[in-house]
Amino acid sequence: MPVKIRLQRHGKKGKPFYWIVAADARAKRDGKFLEKLGIYNPNTNPATIDLKLDNAVQWLQNGAQPTDTARAILSYKGVLLKHHLLGGLRKGALTEEQVEEKFNAWLEEKEKTVAAKVGGLDKAKAEARAAALKAEKEVNDKRALAAAEAALPEAAEGEAAAEATTEEAPATEASTEKE
């Protein structure tokens with residue numbers, strides 16, 4: 001029975017997330033599987049990947065073949081590196097301590113790069129928010145200035161009308177007195 005490590009689609013239309021599974025190669029994409037190895041959510045930035053490292057390495061050692069996308073995910077999380085290092089351990093080229101040391105050093109380096117990416121995304125988001133706030137403030141200032149300019153002529157017209165009314169009122173009184 002040939003085994004594949006592949007993605008199984010879940011979620012709603014337009015918002016997919018995937019289970020990383022070990023399944024018989026003849027099974028349907030979203031059908032029966034042997035073991036769930038983790039999840040992959042591409043909707044977040046950076047993508048969320050939760051993987052059972054030891055189980056994935058065990059399936060690789062038993063001969064499971066990952067699909068192209070699953071291979072990229074396994075490589076990103078270090079499963080393929082661990083499988084490679086354990087192959088060196090079986091051949092006698094490395095000791096267990098060396099394998100753990102190399103793998104942990106790689107994990108630390110990977111965590112630094114991911115943290116740098118997340119920091120860069122946070123910085124870009126803050127810059128975009130500041131630029132949007134500045135643009136909104138400029139628009140509000142322009143609106144306030146336009147409203148103030150529009151209010152000045154109306155106030156002048158209102159004052160002129162009030163003066164005209166006060167001038168007409170005594171003239172009307174005078175005309176009524178003559179009669």
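A polar contact is a pair of N or O atoms within 3.5 Å; within protein, one of the two must be able to donate a hydrogen and the other to accept it. In this predicted model, the side chains of Gln8 and His10 make such a contact, at 3.2 Å.

Is Gln8 buried or exposed? With a relative accessible area of 2%, Gln8 falls under the 20% limit and therefore counts as buried. Leaving aside residues up to four places away in sequence, Gln8 touches Phe17, Tyr18, Trp19, Val21, Arg29, Asp30, Gly31 and Phe33. Several of these names return below.

The sheet comes next. Strands of a sheet pair through backbone hydrogen bonds, either parallel or antiparallel. Here five strands form an open sheet with mixed pairing, in the order S4-S3-S2-S1-S5. Strand S4 (48–51) and strand S5 (65–66) are the edge strands, each pairing on one side only.

Strand S1 covers residues 3–12 and runs antiparallel to S2, to which 10 bridges join it. Within this pairing, Arg6 stands opposite Val21 of S2. The hairpin of S1 and S2 has two residues between the strands, and Gly14 there takes a positive phi near 85°.

On the next pairing, strand S2 (residues 15–24) meets strand S3 (residues 35–41), again in the antiparallel sense, over five bridges. Which residue of S3 is the bridge partner of Val21? That partner is Lys36. Tyr18 has Tyr40 as its bridge partner in S3. Both Val21 and Tyr18 are among the residues that Gln8 touches.

Charged pairs can be followed next. Side chains of opposite charge can pair when their charged atoms come close. The structure holds three salt bridges. One of them joins the side chains of Arg26 and Asp24, at 3.1 Å from N to O. The accessibility of its two members can be set side by side: Arg26 has 65% relative accessibility and so counts as exposed, whereas Asp24, with a relative accessible area of 15%, is buried.

Another salt bridge links Asp30 with Arg29, and the closest N and O atoms are 2.7 Å apart. Asp30 counts as partly exposed, at 38% relative accessibility. Arg29 and Asp30 are also both on the contact list of Gln8.

The remaining pair is Lys82 and Glu100, whose side chains meet at 3.5 Å, N to O. Which of the two is buried, and which is partly exposed? Lys82 counts as buried, at 11% relative accessibility, while Glu100 is partly exposed, with a relative accessible area of 37%.

Helix H3 can be checked for length. At 1.5 Å a residue, its 13 residues should span 18 Å; the end C-alpha atoms are 19 Å apart, so the two values agree. An α-helix has 3.6 residues a turn, so residues three or four places apart point the same way. The buried residues of H3 include Val79, Lys82, Leu85 and Leu86. Gly87 and Gly88 of H3 are buried as well. After H3 comes Gly92, which has a positive phi, near 95°.

Key
Residues numbered from 1 in each chain as written. Predicted model: local features only at pLDDT ≥ 70, side-chain atom pairs only at ≥ 80, totals over all residues. Heavy atoms only, no water. Pairing = 2+ DSSP bridges. Helix = DSSP H or I, 4+ residues; strand = E, 2+ residues; numbered from the N terminus. Buried < 20%, exposed > 50% of the residue type's maximum accessible area, 1.4 Å probe, protein only. Contact = heavy atoms within 4.5 Å. Salt bridge = Lys/Arg side-chain N within 4 Å of Asp/Glu carboxyl O. Expected span 1.5 Å × (residues − 1).
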